[in-house]
Amino acid sequence: MSGRTRVFSGVQPTGTLHLGNYLGAIKQWVAHQDERENIFCVVDLHALTVPEVIDPAVLRAKSRETVAIYLAAGIDPEKSLLFIQSHVREHSELAWILNCVSPLGWLERMTQFKAKAERRGTVGTGLLTYPTLMAADILLYDTQVVPVGEDQKQHLEFTRDLALRFNNMFGDTFVVPEVSIPKAGARVMGLDDATVKMSKSIAVDRPHHAISLLDTPKKMKKSIMKAQTDSGCEYRPDHAEPGVRNLMGILSAINGEPTSSIGERYAGQGYGYLKKEVAEAVVEELRPFQEEYHRLMSDEAYLDRLLAESTAKVRAIAETTMTRVRAAVGID
Ligand code: AQP
């Protein structure tokens, strides 16, 4: 290790990434990129946990698209390693070993599993054991800090508990990671329903639920202007409902202004003014990102070269960890 804090994080290529993924995760990866040792992953094995929505060709394309999204958002390949999870086989091997030491009750308690299982009815075992694969992703790289949105906090606590349990059972093997959640943008809610978090899977059949990072400026503005606020016509700081707080949180995560100050500026004004400012801020934030994304997607050879180089480097780290893990459990 270089002496700098090592971070690992990733996003599932289950659709086109949205503003929540960007503000909750990727923007903070970029913000701390210079001072840390960074490993960022496109977690395509996680995408298989909802096989009914998987089209193999689409998954392949979305994985690549997500790599270009990371780069366009500011991930610098000179400072960060980035790769596709399934290209490093050790993730699956470690996930199996961790499955064997994960108490079933711990997994059944996960709120994301319960929520997704409720929404879908029948679910595969992979959805239940998703957190052990996530733990494998993190522990494989001796990760010290994991920057994620708030929804992943419970999975990170699970990872920490599992690392400690494994270390207790088999001797010191894993680094126990810390979670890092941003102050603003940690939980971006749905624009059409601010009681649920903005989600790729919900956005599939609800066009104004999320802002996709690749939406046209016109579509972004339309979704924000239609966003749920509250029953009154003007903003009252003592009576802010979730939809209004969500819009202010988005603005704050983009321009750094505290939500209390945004609230003071809009006190007594109609919601249209706030929405207009949020829409403009989002469009301007994503304009340079989109230009770079389209440029990158037209340079296939560059993406292939970069992925090959990065993957070789992360594979070397993963192999070292697995040698240690196999020895610890007696399968070396
Ligand atoms: N709404 C959100 N607000 C802030 N952060 C968010 N993240 C996701 N949604 C929000 C953060 O993005 C990273 C990657 O998440 P993911 O796509 O791998 O998984 P997810 O949390 O399950 O995201 P979705 O959009 O809800 O995906 P689907 O619908 O496919 O399950 C994580 O750091 C997460 O915290």
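These are my notebook entries on a predicted model.

**Entry 1: domains**

I began with the division of the chain. Domain 1 covers 5-186 + 300-329, and domain 2 covers 200-293. I looked up the distance between their C-alpha centres and found 29 Å. I then checked the contact between them. Domain 1 gives 21 residues to this contact, and domain 2 gives 18 residues.

**Entry 2: nonpolar cores**

Next I turned to the cores. The largest nonpolar core holds 56 residues. I noted the members with the most contacts inside this core: Leu-19, Tyr-70, Ile-250, Leu-274, Val-282 and Leu-286. Which helix supplies the largest share of this core? I found helix α14 (residues 271-297), with eleven residues. Both domains take part, as domain 1 and domain 2 each give at least three residues to this core.

**Entry 3: Ile-250**

I picked Ile-250 and listed its contacts, leaving aside neighbours within four places in sequence. The list has Leu-19, Leu-23, Val-188, Leu-191, Val-278 and Val-282. Leu-19 and Val-282 also stand with Ile-250 among the residues with the most contacts inside the largest core.

**Entry 4: α12 against α14**

The axes of helix α12 (residues 242-255) and α14 come within 10 Å. They cross at roughly 35°, and the crossing is left-handed. From α12 I noted Val-244, Leu-247, Met-248, Ile-250, Leu-251, Ile-254 and Asn-255 in the contact. From α14 I noted Tyr-271, Leu-274, Lys-275, Glu-277, Val-278, Ala-281, Val-282 and Glu-285. Sorted by class, the contact has eleven nonpolar, one polar and three charged residues.

**Entry 5: Ser-63**

I moved on to Ser-63, in helix α3 (residues 56-72). Is Ser-63 buried or exposed? Its relative accessibility is 4%, so Ser-63 counts as buried. I left aside neighbours within four places in sequence and found Ser-63 in contact with Pro-13, Val-42, Asp-44 and Ile-84.

**Entry 6: Asp-142**

Last, I looked up a loop residue. Asp-142 sits in the loop between α8 (130-139) and β4 (145-147). What is the phi of Asp-142? I read a value near 50°, which is positive in a residue other than glycine. I noted this because most residues other than glycine have a negative phi. I also checked the accessible area of Asp-142. The relative value is 14%, so Asp-142 is buried, the cut-off being under 20%.

Conventions: Residues are numbered from 1 along each chain as its sequence is written. This is a predicted model: local features need pLDDT of at least 70, side-chain atom pairs count only at pLDDT 80 or more; totals for chains, interfaces and linings use all residues. Side-chain values use heavy atoms; hydrogens and water are left out. Helices (H or I, at least four residues) and strands (E, at least two) are DSSP runs, numbered from the N terminus. Buried means under 20% relative accessible area, exposed over 50%, partly exposed in between (1.4 Å probe, protein chains only). Contact means heavy atoms within 4.5 Å. A nonpolar core is a set of buried Ala, Val, Leu, Ile, Met, Phe, Trp, Tyr and Cys residues joined through side-chain atoms within 4.5 Å. Domain bounds come from an automatic or database domain assignment. Axes are lines fitted to C-alpha atoms, for helices over the stretch in contact, and angles run from 0 to 180 degrees between N-to-C directions. A crossing is left-handed if the near helix is turned anticlockwise from the far one by less than a right angle, and right-handed if clockwise. Ala, Val, Leu, Ile, Met, Phe, Trp, Tyr, Cys and Pro count as nonpolar, Asp, Glu, Lys and Arg as charged, and the others, Gly among them, as polar.
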